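I opened a new structure today and kept notes as I went. Here is what I looked up.

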Amino acid sequence: MRIYGDSISGNCLKVKWTADHLGLTYDWVETSVLKAETRTPEFLALNPAGQVPAVVLGDGRPLAQSNAIILHLAEGSDLIPADAYDRARMLEWMFWEQYSHEPYVAVARFQMHYLGKPASDLDPKLVERGHGALARLEQGLGASAFLVGDRVTLADVALVAYTRVAHEGGFNLNDYPAAKAWVARVEAALKIV
């Protein structure tokens with residue numbers, strides 16, 4: 001398997017962390033978004049959307065979109081709950097992550113950390129929605145150690161990717177103590193350095 005990913009991207013890192021956690025063998029192909037390496041004819045032939053992560057499975061089939069990839073890689077593993085309701089709750093968090101967390105927390109981080117924008121120049125709605133996402137995560141962690149019960153699932157993998165670096169987007173995790181403690185638990189469970 002080949003994983004095409006940019007090491008600065010939480011979406012790419014969640015694929016790497018899942019593969020590493022599962023002990024899968026792969027070749028990592030560093031593909032820089034900042035250098036437009038996802039816009040080359042070769043990469044666009046692999047993923048016409050021009051986005052990383054993308055993988056080429058061992059049998060040659062390509063797959064894109066981080067949460068689709070990690071779901072495929074983790075099929076049958078302990079990262080996916082056996083109980084149908086818990087599995088649906090995991091998916092609920094994963095869908096929410098791509099729609100209500102990543103577009104705000106990750107975008108603020110990218111603009112500040114990689115484009116050098118000061119916090120004062122961020123769109124106030126972006127910041128407000130980022131705080132709203134972190135508040136929702138904080139609330140969701142009130143009842144258990146992980147997002148779905150007492151062990152790490154793909155929901156945790158998906159959401160830790162950008163939450164752990166939220167400070168790079170101007171969000172202070174000290175304001176979200178349950179989320180901050182959860183980040184440490186997920187990093188320990190996945191052996192993220």
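**Ground rules.** I am working with a predicted model, where local features need pLDDT of at least 70, side-chain atom pairs count only at pLDDT 80 or more, and totals for chains, interfaces and linings use all residues. I number residues from 1 along each chain as its sequence is written, and side-chain values use heavy atoms, with hydrogens and water left out.

**Helix H3.** I took helices (H or I, at least four residues) and strands (E, at least two) as DSSP runs, numbered from the N terminus. I called a residue buried under 20% relative accessible area, exposed over 50%, and partly exposed in between (1.4 Å probe, protein chains only). Which residues of H3 are buried? In this helix, residues 66-73, I found Ser66, Asn67, Ile69, Ile70 and Leu73. They sit on the same side of H3, because they cover an arc of only 160 degrees around the axis. I took that arc from the directions from the helix axis to the C-beta atoms. Next I looked at what covers them: helices H1 (10-22), H4 (84-114) and H6 (154-163) are included, as are strands E3 (54-56) and E4 (62-64).

**Cores.** A nonpolar core here is a set of buried Ala, Val, Leu, Ile, Met, Phe, Trp, Tyr and Cys residues joined through side-chain atoms within 4.5 Å. The largest has 51 residues. Trp93, Leu137, Leu147, Leu154 and Trp182 have the most contacts inside it. H1, H3, H4, H5 (124-140), H6 and H7 (177-190) each supply at least two of its residues. I also noted a second, separate core of six residues, Tyr4 and Phe43 among them. Then I checked Trp93 for contacts (heavy atoms within 4.5 Å). Leaving out residues up to four places away in sequence, Trp93 touches Arg136, Leu137, Gly140, Leu147, Val148, Ala155 and Leu159.

**Salt bridges.** I counted a side-chain nitrogen of Lys or Arg within 4 Å of a carboxyl oxygen of Asp or Glu. The whole structure has six. Lys16 and Asp20 form one, at 2.8 Å from N to O. They are four residues apart in helix H1, so about one helical turn separates them. Lys16 is partly exposed at 27%, and Asp20 is partly exposed at 36%.

Arg109 and Glu168 form another, at 2.7 Å from N to O. Arg109 is in helix H4 and Glu168 in the loop between H6 and H7, so the pair ties together parts 59 residues apart in sequence. Arg109 is buried at 8%, and Glu168 counts as buried at 19%.
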